[in-house]
Amino acid sequence: MQFRKIMENPMRTCGGNIVVTIVILIVLVAARAGVAAERYAGPMIDAHGHLGASFDWDMIRKVMGRNNISRQIVMARYYPGPAGDADRPGNDELAVELAGKYPGRFFPLVGMQRPELTGANKWLNPDAAVEAILNEVEAKLATGHFRGIGEVIVKHFAYSSGRHAELENPIYSPFMQRLSQIAARFNVPIVLHMEGAPHLVNDFARLLRENSRVRYVWAHNCGRSKAPVIRAMLENHPNLYCDLASMTNVGKSGYGIGWPRMEEYSSLIEKNGVLFPEMREVYEAFPDRFMIGMDVAHARGMNPKNYGRRARRFRELLGQLTPQTAAAFAERNTMRIFKLKR
Ligand SMILES: [Zn+2]
């Protein structure tokens, strides 16, 4: 008996260990499967895309297809790219051509990354070149080929050399007032890039109040602002929306990694694929106000690796929101704000 007991005990212990190990493995596998299943799996709209003359259209289509991106908002980049000949500037005609070639997939905005708008004086006292742009905006919107205006560059941190790299323009200015009046007349949104410097945020609040019929899309998680600033601006201004363009914390460039620099007022939204709790709370408090976007502004960035990792990270982040909020961020809000049809 004694002998049997000695023999049985190690057997039982061993068997118990196996059972415990199997249970742990099942729990781990289930947990991993759970995370994977929670990843947002539906179609998404890239609400913040750009176009230059060096972009390869087949590549754009390929990366969208691979990542289940149903549509893209396209903003022509008139600035020359840092890569020179390999990254030539685009224009609105090119964006309309792209949209025409693939109906229902690409929706151009009237492009505002224009060399003629560099210099605060241009915004305060529009010269002939700026007047010409304002007239162009009206004429282009009248064609019905454009869903909005953007990306208007208000405050931009340099990531290359050149005149149009580091910019600070007055958002509360005659130029922005005129643009806002045009947007109101055509009932289209304005997308703008403005790092959230406090004095500009205050000026933006005035513009929002005075143009309450205009929908403004403040790119890059509301200028990479901190959660309390975003919350206050969204609460005070029902006509304010934000996109999360390039806010994924992946790769070696992009606003979501703090590139090209951050200031004291700047914030990221996530780390290692996990949303910061204060940002998640803002998103759930304002489920109708945010959109996602890949923000590939240069030809060399339009490749499966770069586009894919941003899209996959967005799926992980959306998976941390309620299914309703995730679906709104992925597609529904963009459809509504830019008046896209199914
Ligand atoms: Zn931007």
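Okay, a definition to begin: helices here are DSSP runs of H or I with at least four residues, strands are runs of E with at least two, and both are numbered from the N terminus. By that rule, arginine 224 sits in helix H8, residues 219–224. I'll come back to that one.

Some housekeeping. This is a predicted model, so local features need pLDDT of at least 70, side-chain atom pairs count only at pLDDT 80 or more, and totals for chains, interfaces and linings use all residues. Residues are numbered from 1 along each chain as its sequence is written.

So, the overall picture. The protein chain comes to 12 helices and 11 strands. It has 342 residues, and 43% of them count as buried. Buried means 20 or more other C-beta atoms within 10 Å of the residue's own, exposed means 12 or fewer, and partly exposed is in between, with C-beta atoms placed from the backbone. For contacts, two residues count if their C-beta atoms, again placed from the backbone, lie within 7 Å. Taking contacts between residues at least 6 apart in sequence, 78% join residues at least 24 apart.

On to the inside. A nonpolar core is a set of buried Ala, Val, Leu, Ile, Met, Phe, Trp, Tyr and Cys residues joined through C-beta atoms within 7 Å. The largest one has 89 residues, and those with the most contacts inside it are Ile149, Ile190, Leu192, Tyr216, Val217, Trp218 and Phe329. Take tyrosine 216: leaving out residues up to four places away in sequence, it touches Pro189, Ile190, Leu192, Leu208, Asn239, Leu240 and Tyr241.

Now some helices. An α-helix has 3.6 residues a turn, so residues three or four places apart point the same way. Look at H2, residues 57–66, where Ile60, Val63 and Met64 are buried. Down the axis of H2, those buried residues fall within an arc of 100°, so they line one face of the helix; the arc is that of the directions from the helix axis to the C-beta atoms. On the face turned away you get the exposed residues Asp58, Gly65 and Arg66. Strand E2 (69–77) and helix H11 (304–318) are among what covers the buried side of H2.

H3, residues 92–101, has Asp92, Ala95, Leu98 and Ala99 buried. Their arc is within 120°, so they line one face of H3. Exposed residues Glu93, Gly100 and Lys101 are carried on the face turned away from that. The cover over the buried residues of H3 includes strand E1 (44–51), H2, E2, strand E3 (106–113) and helix H5 (128–142).

How do helices H9 and H10 pack? H9 (residues 227–236) and H10 (residues 277–285) sit at an angle of about 10°, with axes 9 Å apart. Axes are lines fitted to C-alpha atoms, for helices over the stretch in contact, and angles run from 0 to 180 degrees between N-to-C directions. H9 and H10 are therefore roughly parallel; that label covers angles under 35 degrees, with over 145 roughly antiparallel, 65 to 115 roughly perpendicular and the rest oblique. Ala227, Ile230 and Arg231 of H9 make the contact with Glu278, Met279, Val282 and Ala285 of H10.

H5 and H6 (residues 174–186) also pack at an angle of about 10°, axes 10 Å apart. That makes H5 roughly parallel to H6. In H5 it's Val130, Leu134, Val137, Glu138 and Leu141, meeting Phe175, Arg178, Leu179, Ile182 and Phe186 in H6.

Most residues other than glycine have a negative phi, and most peptide bonds are trans. Back to arginine 224, then: its phi is near 55°, a positive value. Arginine 224 counts as buried, with 25 C-beta neighbours inside 10 Å. Aspartate 295 also has a positive phi, near 55°, in the loop between E11 and H11. Aspartate 295 is buried, with 26 other C-beta atoms within 10 Å.

And which peptide bonds are cis? One runs from glycine 150 to glutamate 151, with omega near 10°, and glutamate 151 is in strand E4, residues 149–156. Another runs from tryptophan 259 to proline 260, omega near -5°; proline 260 is in the loop between strand E8 (240–243) and strand E9 (270–271).
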